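Student: I'd like to learn how to read a model like this one. Can we go through it feature by feature?

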Amino acid sequence: MRITSRLDSYLTNMSLPWEKKSDTYSTVGALLFYRVGLREKDGEWIFTRLWAKNFPVQTNILCWSPEKERMYLGMDNGTIYSYSINENEISLTQEAEIKAHAKRVMGLAYDNENNHVISISKDGKLKCSDDTTEEPVHEESIGKSGLKVLLHDKSHKRLFIGDGSGCVHIVSHFNYPPELLASVKSQNGS
């Protein structure tokens, strides 16, 4: 995401001291839902926009859980939304709103055995939140800077987390709470 879109998001919804506060907002983040099909006669892909869900802050990261048929959406303000998708009606139902982090959500994963949403953020924290109660069950600070990327190895129950100082942290969630196995520092910081 570019700095210009982040700045535009901030300036669009900012109110100056002399302006009256308003509960309305300009849309700066959106989740768009498309039906994708292949036209048989010429082999061209057809994208049909079905609907859009708008947000007052920018959407940042998306995670799909095929086991639960749920989509998780991480926001710039640290909130994680959980949606179930009904394929027959092609509709979206909000299931949970998890207030997980103080800063932008940078990575999401889903642990289907424990029903936990695993998230990382620019605030430097790894959090596991219960999808049904919307409450955090574990929180851990990892590294010395904001966390930037999360890769989930479901088969071995490992998380690979990159931070802003060029470290990769390997975390096991075989047992709870998750355990930091190792941190590897690159030669050059990112």
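Student: What share of the contacts in the protein chain with a separation of 6 or more comes from residues 24 or more positions apart?

Tutor: A contact here means heavy atoms within 4.5 Å. Residues 24 or more positions apart account for 36% of the contacts in the protein chain with a separation of 6 or more. Before we go on, this is a predicted model, where local features need pLDDT of at least 70 and side-chain atom pairs count only at pLDDT 80 or more, while totals for chains, interfaces and linings use all residues. Residues are numbered from 1 along each chain as its sequence is written, and side-chain values use heavy atoms, leaving out hydrogens and water.

Student: How many helices and strands does the protein chain have?

Tutor: Both are DSSP runs numbered from the N terminus: helices are H or I with at least four residues, strands are E with at least two. This chain has 1 helix and 14 strands.

Student: How much of the chain is buried, and what is its accessible surface?

Tutor: Buried means under 20% relative accessible area, exposed means over 50%, and partly exposed lies in between (1.4 Å probe, protein chains only). Of the 190 residues, 37% count as buried. The accessible surface, from the Shrake-Rupley method with a 1.4 Å probe and, for residues, only the protein chains shown as cover, comes to about 11600 Å². Carbon and sulfur atoms own 51% of that surface.

Student: Which residues make the nonpolar surface patch?

Tutor: Patch residues have over 30% relative accessible area and no salt bridge; like charges are joined within 9 Å, nonpolar side chains (Val, Leu, Ile, Met, Phe, Trp, Tyr) within 5 Å. Here Leu 32, Tyr 34, Val 36, Leu 38, Trp 45 and Phe 47 form a patch of about 640 Å². Two elements, β1 (29–39) and β2 (44–55), each give two or more residues to the patch, and β1 gives the most, with 4. Take Leu 38, which is found in β1: its relative accessibility is 47%, so Leu 38 counts as partly exposed.

Student: What about charged side chains? How many salt bridges are there?

Tutor: Side chains of opposite charge can pair when their charged atoms come close. The cut-off is a side-chain nitrogen of Lys or Arg within 4 Å of a carboxyl oxygen of Asp or Glu. The whole structure has 12 salt bridges. Arg 39 bridges to Asp 42 at 3.3 Å and to Glu 44 at 3.1 Å. Arg 39 is partly exposed at 31%, as is Asp 42 at 42%, and Glu 44 at 40% is partly exposed too.

Student: Is Asp 153 buried or exposed, and what does Asp 153 bridge to?

Tutor: Asp 153 counts as buried because its relative accessibility is 16%. Its partner is Arg 158, with the closest N and O atoms 2.7 Å apart; Arg 158 is partly exposed at 28%. There's also a salt-bridge network linking Lys 68, Arg 70, Glu 95 and Asp 131.

Student: How do I read a sheet, and what is the strand order in the open sheet of 4 strands?

Tutor: Strands of a sheet pair through backbone hydrogen bonds, either parallel or antiparallel. Two strands count as paired if DSSP finds at least two bridges between them. The order here is β7-β8-β9-β10, with antiparallel pairing. β7 (105–111) and β10 (136–141) are the edges, each with a single partner strand, so one side of each lacks a neighbour in the sheet.

Student: Which residue in β10 does Leu 126 stand opposite?

Tutor: Leu 126 faces Glu 140 in β10. Strand β9 (residues 125–130) pairs with β10 in the antiparallel sense over 5 bridges.
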